[in-house]
Each structure stands twice: as structure tokens, then as C-alpha cells.
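Please look at the sequence and the structure first.

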2 protein chains.
Amino acid sequence: MQVEFLNPFLNATTSVFRTMLACELSRGQPALKRNHSPEHEVSGLIGLTGKCQGMVVVGLGRETAIKATEILLNERPDGLDRQVIDAVGELANMIAGAAKAQLEQFDLRVGLPSVICGKHHSINFPSNSTPILLPFESPIGSVCIEVGIADTVPGVRL
Amino acid sequence: MQVEFLNPFLNATTSVFRTMLACELSRGQPALKRNHSPEHEVSGLIGLTGKCQGMVVVGLGRETAIKATEILLNERPDGLDRQVIDAVGELANMIAGAAKAQLEQFDLRVGLPSVICGKHHSINFPSNSTPILLPFESPIGSVCIEVGIADTVPGVRL
């Protein structure tokens, strides 16, 4: 079980939204992702490596992604443009970075974010991992964090 | 420019398809991804960290992903099921691993793959990276590798 990842990612997400977007998140019930997760049109993905391997996903609706970008830039983007891509990638990067700082025992490094756009896309992790799902509500819409982690170092319990 | 990543990823992709799927790829023209890349219904993503940060994407059509899984398992999946997800994630993992072995100078580590399914999804990298696009044709359909890399260590030229 990946329970040691729960609080670092919960804290990282609320802290990044509060600091960067002046946006208070309210936490839903964390869950193990077995089947479907809430569907969002925009997903920011970023890889983690170290004493474990992982992938972090930040899922946002189209309007939530645009509003988050508007708050960051103080200017409303026309749609899902380059500014929104960069803003969502940077949110994923900051959340992964803030969680990494609380997970020193795993000696994590953070990869390059990528941002998926598309209605009805699903994000799936390999069968040998059990991703955790952290749902949040906010004044700018719902936000969902998914964290998939696989053990790579014998002796590190996950 | 990320030209030093070109040959390792070209070689890794053709080698993994030849070894694992007995499938000969013919190379198209590598390109810098500026706007759109070929649209595929299935994308395997995996993060890279080390002396640079990166993300590798393996894009396949639905039927190509199913055929690749059929070759790997010697049994045809019914559709885009768990077996296909695992097979595409494993292809991404093997390609990233094979390229990493040829890029020792970057001391790369490979993250956990994730697999995106969805018609008309697009994969976007941050503006401060210039992903390379490696298109291939094969007897089971077209395959596309995208590699986004960002420099993280001063003095390492990219």
C-alpha cells in the first residue's frame, strides 16, 4: 500500500493551489483507483524516479484549466492555448516538487511535464501498480490528482 | 538542440519492435515537433530523469496497439483492455530503457509508464522544450515516438 504518499501529495496539492492560485481546495475522499477516475479534459503528467518509480497526474476540466491560467497570468486565455498548456504543466511540476520535498526517503527526481488535452481521454497505469486518487473541489472547479507508484528497490515497502 | 537523443531513440524503437514483436519498422523523417503530431488513439508515456528531464511518448492506433498485444501474448485481446494497456506501457518502458542504455552520459532513470486512451487526444510539452518526433511505418500500422527533453544541469548542452 502506498499510504505514505497520501499526505505528501494531499499537502502539496492544497499548498500549490493556495500559494500559486490563491485557491482553497476542499479534499474529497482519497481512494485506490481501480476502475475509472473522474474524467477531465486536461491532464498534466509528470514522471518521478528515485527509490521508486512513479507518475503524477493533475486532472482539470477545460474551464478550470483556463481559470487557473487566468489567475496565474492575470489575463484570460482564449481557449486551451499554449499558455494553458504551460500553466497546467507547471502546476504538475510544482505539485510533484512539493511532494518530493516531503518524501526525502525516496530520493525522488521529477521529469518533464506533458499535458494531455482531449475530451473523454482516460489515463491508465500498469496492472502491477495501484494508483491513488485524490479528488478536490475548489471555487474554480474540481481537480483530481492521481499518483501511480511502483516499487523498484527491494526492501522499500510500498 | 537535442540531436544526441535522435539515434538512441531511433535505435531503441526499431530494436524493441524487432526483438519483442518480430516487427520491422521503417523510419520516416525525424522532425522537431512544433505544432501537431500524428494523432493516435493510444499513447504510452514514461518519464526520464537524470542529468536532464524528459518524457517519452509511444503513439499507436487502436488496431496497432491490439495487434502488438496479440503478438506479445499470442492471443487477441477483445479491445483496448488491461492487456493492451500493460503491453503499451511495457513497450514504452522497454524503449525508454533501451535508449537510456545508449545515453550513459545523462545518467537516466526511467519512471512508471502510464497509458492514455482516447480518440483525438493531443500530447503537449512545455514551451521551453522542443520535442522531437520520430515517425515509423510497420506491417501492423504506424507508430510514432515523441521525446521531450529539458536541460536541468548547467553545462550540459541540449
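In this predicted model, chain A carries 16 negative and 13 positive side chains. The centres of these two sets are 5 Å apart.

**Secondary structure of chain A**
- Chain A contains 9 strands and 3 helices.
- Read from the N terminus, the order of elements is α-β-β-β-β-α-α-β-β-β-β-β.

**Overall dimensions of chain A**
- The radius of gyration of chain A is 15 Å, which agrees with a compact globule, because such a globule of 158 residues would have a value near 15 Å.
- Along the principal axes, the C-alpha atoms of chain A occupy a box of roughly 50 × 30 × 30 Å.

- Buried residues make up 56% of the 158 in chain A.

**Contact between chain A and chain B**
- Chain A contributes 36 residues to the contact, and chain B contributes 36 residues.
- About 2700 Å² is buried between the two chains, with carbon and sulfur atoms giving 54% of this area.
- On the chain B side, the residues that lose the most area to chain A are B:Arg109, B:Leu112 and B:Asn124.
- Together, B:Arg109, B:Leu112 and B:Asn124 account for 24% of what the chain B side buries.

Conventions: Residues numbered from 1 in each chain as written. Chains lettered and ligands numbered in written order. Predicted model: local features only at pLDDT ≥ 70, side-chain atom pairs only at ≥ 80, totals over all residues. Heavy atoms only, no water. Helix = DSSP H or I, 4+ residues; strand = E, 2+ residues; numbered from the N terminus. Rg over C-alpha atoms; globule rule 2.2 N^0.38 Å. Buried < 20%, exposed > 50% of the residue type's maximum accessible area, 1.4 Å probe, protein only. Lys, Arg positive; Asp, Glu negative; His and termini not counted. Charge placed at Lys NZ, Arg CZ, Asp CG, Glu CD. Contact = heavy atoms within 4.5 Å. Buried area = accessible area lost by both parts, 1.4 Å probe.
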